[in-house]
Amino acid sequence: MLSALLGLSRLIDAVTAFIGRQLRWLILATVLISAGNAILRKAFDISSNAWLELQWLLFGAVFMLAAAYTLQKNAHVRIDVVSSRLSKHSRDVIDLLGHLFILVPFALLTAWLAWPFFLDSFRSGEVSSNAGGLPVWPAKFLIFAGMALLLLQALSEIIKRAAVLAGVIADPVPQPVHGHEPSDTSISGGHVE
């Protein structure tokens, strides 16, 4: 049973990692749109609310969709004053319980509430109230998608943490003892891998 669950965890991890790596292109697009909009506005006095809203939408996509990747890479914020004083086993138990009783209910409830929020906007064709604004439903869909991805990654982390505590696998992402740096993150060639 645990072997099948670990297979599911690997599949979820692969999807999360793929999405997380692709988000760098949205960051590049956001920067290029922002720069292009600023140049057009300053040089030619041309501007559009659509460009500003597109920047906002792309930034929101990165923020919402990267939450699962951040969890997978163990790069989320911890209270180091407390966690650095605990044993590895205690940190693993806290992670497991935190994922089960805090993260999963939060992500599940938020995704459940976000779906009708998105659906109403999509069905009504809701558009920004700004002149030349964009449709609003993609931003509302990102709330649902981000929470759904986070929920799946939380499931993967629960499976891995339970397997680590049972001694079935070694910790795939060792927890940092000090600081906020995930131990498997390396910087090479100007980007984070």
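A quick word on the model: it is predicted, so local features need pLDDT of at least 70 and side-chain atom pairs count only at pLDDT 80 or more, while totals for chains, interfaces and linings use all residues. Residues are numbered from 1 along each chain as its sequence is written, and side-chain values use heavy atoms, with hydrogens and water left out.

Searching the whole structure turns up seven salt bridges, each being a side-chain nitrogen of Lys or Arg within 4 Å of a carboxyl oxygen of Asp or Glu.

Let's start with R161, which pairs with D92 at 3.0 Å between the closest N and O atoms. This pair joins distant parts of the chain, 69 residues apart: R161 sits in helix α5 (residues 137–165) and D92 in helix α4 (residues 88–124). Helices here are DSSP runs of H or I with at least four residues, strands are E runs of at least two, and both are numbered from the N terminus.

Are these two buried or exposed? R161 is buried at 6% relative accessible area, and D92 is buried at 3%. For reference, buried means under 20%, exposed over 50%, and partly exposed in between, using a 1.4 Å probe and protein chains only.

R161 has another partner, D171, with closest N and O atoms 3.1 Å apart. D171 lies in the loop between α5 and β1 (187–188), 10 residues from R161. Which residues make up the network here? Salt bridges link K88, D92, R161 and D171.

Finally, K140 bridges to E126 at 2.8 Å. K140 is buried at 14%, whereas E126 is partly exposed at 29%. Thanks, everyone!
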